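Welcome, and thanks for taking a look at this model with us.

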Amino acid sequence: MTVQLPSVLRRLLAHPRGMVPTLYVPTIIVLCGLGPWLLPFGELHVDLYHRFLPPLGNGHLLGTDEIGRDVLSRVLMGGRVSLLVGLVSTAISTLIGTTVGIVAGYHAGLARFLITTVIDAVLCFPVVFLLLTLAAVLHPGIGTIIGIITLVSWMEVARVAQSQTRIVRRQDYVTAVVAMGAGDAQVLFREILPNILPAIIVSATLNIARAILLESYVSYLGYGIQPPDASWGNLLNNAQEYLESDPWLAIIPGAVIVLTVVMFNLLGDALRDAIDPSRRSS
Amino acid sequence: MTDRNAAPLLSVRNLTVSFGGPDIVDDLSFDIGQGEIVALVGESGSGKSVGSLAVMGLLENATIQGSACLSGGVGSGEQEASTELIGLPARRLRALRGRRISMIFQDPLSSLDPLQTIGGQIREVLKAHTRLTGVALHSRSIALLEQVGIVDPEGCLALLPQRLSGGMRQRVMIALAIAAEPDLLFADEPTTALDVTVQAQVLRLLKGLRDQTGMAMVFITHNLAVASAIADRVIVLYAGQVVEDAPADVFFRRPAMPYSRALLSAAPRLEAVLAGYGHLEAPRGQVPSPGQRGTACRFAARCDDVRDTPCLASMPPLVSIAANGEAHHTVRCARWEELAP
Amino acid sequence: MGNGNLLYVLRLGGVKILLLLLVSMAGFTLLHLAPGDPLSQFTLAPGMTAERLAQIAHGMGLDQPLWRQYLHWLHGIMTGDWGHSFRDQSPVLGIIVSHLTATIELGLAALGISFSLGLGMGLMGALRAGRAVDDVTSVISIILFSLPTFWLGLVFIYIFSVRLQWFPTGNFSSPGDRSIVGYLRHLALPALTLGLVSVPVWSRYMRTFAGEILKQDQIRTARALGLSSGRIIVHRLLRGALLPMIPVAGIYLPTLLSGALVTETVFSWPGIGRLFLDSLQYRDYPVVMGVLMFSAILVLVSSTLAELLHHVADPRLRA
């Protein structure tokens, strides 16, 4: 399956379910990236005279928190961390997963046997328990979070890469290339990799959504990103205390998480349909 | 075999089917006599399957106009009045399906329930249409499988469809379709997916069943050789319309419509088909799609004998060309007289 | 999933047991290298001396090499002695079992909600494939899939407890109220939270499996043979789509347990999820390890059972 980028983009934008996330994802990345230069208030600017301002109060678009910090600034700064964790851990786990998956998919044999059974087995474990134990024991920080999220999420990509490689490997033209004496490296990089890339990209997009969600769990429970640094998860850390009086402190950061994760998931689905239009009709 | 003077079993008049766009089947009219085997022949896109599914009431999201009248049968002892199938409430239509009209399809494997034994599936159909229970149900199941030529019916009852060969599966499918002794069976390309030798066996089986039970049959195929092996009458469809309707012996001897002639000259003979040269080669060009049919003769673009007038002037009507004393024969060609051999 | 080979299921079960051992080793090592000495709870006790501390350490087996401690612990796990809590010295297995009821109750209620909603949504989407209903159910499914469980819990508490005051904000029961209605009112919000976030597990698979069956000719054939639509939906569609859902139940349990952990925290529900987090906080490592092993064993057993059950229930695999 060869994929033309312009036609994929056209199909992606043809349907609102593809267009909305395609526009949203770059926007939120840029907004969070430029966060500090966009805002009148520093994220750590404490203003004890203006605590618990509701949204739109005194120039604070999304209000202020329990020590008077601007919630919008906190959300954008939290987004930097959450998106960074999502993107970097996905990049690493995609690299690992793709490598492992190709190795397992390319040659039948002991490696495939071991890798596939181990992946299937690992996927059966309740990963959040493992994740939290690791997070609680290790020194907290962005690097740690990225590491442990990578550790529990490379299997999904590996599974996709493995099955795709097996499919491509069986195609007649690949058999022909092998028959003409091409080396393993040539087959892998010239034939296999370009052909499984679309599926990998889809899987990676969905993985970003999952990673952002996982980070929010760990940080919400207090084992992830530590205050005063913000992340979308730890903004909700003590929001439950103020739920009665100041619900927006819980609702706003959570809504941003939901929106972003929904968009990455929608983008993944839309990409899958755009890359392979025959799926759409099913 | 066919008594033209008796009321036809099924009378389709001006049947028009669309799926929200242009008409797929366009003003289709034909009759099926009691006990008659009619081959509905055409290339893909001619509307032969859609028309049949419309009569069966198996189309979803379709706009169906026209009439399909099933004459009263003596199904379960008492005389029934004739029934208009188009627009019949779903409940009444369902009561007719399987019992008066039934249908089999091309791929018997995907037509059967993969999770139920053959016996279970036969009992399911029998229970839906008869009051048989217990031993009677069992012996009727056995009898049905024997009727379709299954050698070990007792053993077959306990098997799942995946365990049977393609030909056996289609036999089982036929057993299911005739379980409630319908008067009319639609068979949609029932031999296309089968091995060549098995094809011939299934054709013989179907013809034998008709001789035995008097069940009429609409045999849908794109394969003229298969049609010649089984049909009493051939109806050729082209771009959603009937273009020729003739007794089989007349049709294969001297077809009147240029399209029929083109099909016949392109068609391999039965022996060739059975030897594996499967599918009929269509005349040059393609069937116009439903949106591009125009108001002229629809075959004009592919016809060797086309003239500006009359062919392109207007849509030729379906006219009767049966000579005195001859059986029913109609054709849709403005130049049929000039072109007659 | 879908690998119908019985041998594969058994092999996978074997690998899972090996993996369980590996995870237990890693967890055990990690927790012993972790900051927060289990002895730290005693050091501040009045009148504590170094000798006394060493005595306690010896009593707890902390002076032995790590691999011996691990073997000792593993032997204990197999013989039902899961160690003792650092916090109150009560046996770990007993603590876990006493917290299990709450989690099972919550889990069953959530399972009921998510299974019925997921089944309905998946079926509706499949039956109306490509139409508005299909789009709506799949978007709902994506949204539910994207919800952080804790946030949904917070929103529910805000709407139904704080504003509408229909349900209590948390806990197992109110003091002095032992009635079944009171219990159900406490169960409602956590069960709804956990149930909703796990709807997509069922709805997505149901949509796929039912969609595959509807694409087969067998549905059209069954109609052509005059079977009633009720019979076709129940006997062909539901039966055919539910069979491959059996192994999905094996995937569902880890999702449910992970979700329960967060839900129980938000709603102060005294189940094993909350027990796990509390123990993590107090560095009560025997209990942490206990819950980790317990949930892993639970998932292992249930997923293998689900796969075996699939083999018994599906006539295609039995043959």
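## Chain C

Chain C has 319 residues, and 50% of them count as buried. Please keep in mind throughout that this is a predicted model. The secondary structure of chain C consists of 15 helices and zero strands. Along the principal axes, its C-alpha atoms fill a box of roughly 85 × 55 × 30 Å. Among the contacts in chain C with a separation of 6 or more, 74% are between residues 24 or more positions apart.

What does the surface of chain C come to, and how much of it belongs to carbon and sulfur atoms? The accessible surface is about 14,600 Å², and carbon and sulfur atoms account for 67% of it. As for charge, chain C carries 22 positive and 16 negative side chains, with the centres of the two sets 15 Å apart.

## Chain A

Turning to chain A, we find nine helices and zero strands. Read from the N terminus, its elements run α-α-α-α-α-α-α-α-α. Of the 282 residues in chain A, 54% are buried. Contacts in chain A with a separation of 6 or more come, for 69% of them, from residues 24 or more positions apart. Chain A exposes about 12,400 Å², and carbon and sulfur atoms supply 68% of that area.

## A nonpolar patch on chain A

Part of the surface of chain A deserves a visit of its own. A:Leu84, A:Val88, A:Ile92, A:Leu95, A:Ile96 and A:Ile142 make a nonpolar surface patch of about 470 Å².

## Salt bridges within chain B

Side chains of opposite charge can pair when their charged atoms come close. Over all chains, the count of salt bridges comes to 17. One of the pairs is B:Arg298 with B:Asp26, whose side chains meet at 2.4 Å, N to O. B:Arg298 lies in the loop between α12 (270-274) and α13 (308-312) of chain B, while B:Asp26 lies in strand β2 (residues 23-32), so the pair ties together parts that are 272 residues apart in sequence. Are these two partners buried or exposed? B:Arg298 has a relative accessible area of 9% and is buried. B:Asp26, at 18% relative accessibility, counts as buried because the cut-off is under 20%.

Another salt bridge in chain B brings together the side chains of B:Asp245 and B:Arg233, at 2.6 Å from N to O. This pair links distant parts of the chain, with B:Asp245 in strand β10 (residues 241-247) and B:Arg233 in strand β9 (residues 233-238), 12 residues apart. Both B:Asp245 and B:Arg233 are buried.

Where do chains B and C meet through a charged pair? The side chains of C:Arg236 and B:Asp113 form a salt bridge at 3.0 Å, N to O. C:Arg236 sits in helix α11 (residues 229-242) of chain C and B:Asp113 in the loop between α3 (108-111) and α4 (118-129) of chain B, so the pair joins two chains. C:Arg236 and B:Asp113 are both buried.

Through salt bridges that share partners, B:Asp113, B:Glu124, C:Arg231 and C:Arg236 are joined into one network.

Definitions and conventions: Residues numbered from 1 in each chain as written. Chains lettered and ligands numbered in written order. Predicted model: local features only at pLDDT ≥ 70, side-chain atom pairs only at ≥ 80, totals over all residues. Heavy atoms only, no water. Patch = residues over 30% accessible without salt bridge, like charges linked within 9 Å, V, L, I, M, F, W, Y side chains within 5 Å. Areas by Shrake-Rupley, 256 points an atom, 1.4 Å probe, with all protein chains shown as cover. Salt bridge = Lys/Arg side-chain N within 4 Å of Asp/Glu carboxyl O. Helix = DSSP H or I, 4+ residues; strand = E, 2+ residues; numbered from the N terminus. Buried < 20%, exposed > 50% of the residue type's maximum accessible area, 1.4 Å probe, protein only. Contact = heavy atoms within 4.5 Å. Lys, Arg positive; Asp, Glu negative; His and termini not counted. Charge placed at Lys NZ, Arg CZ, Asp CG, Glu CD.
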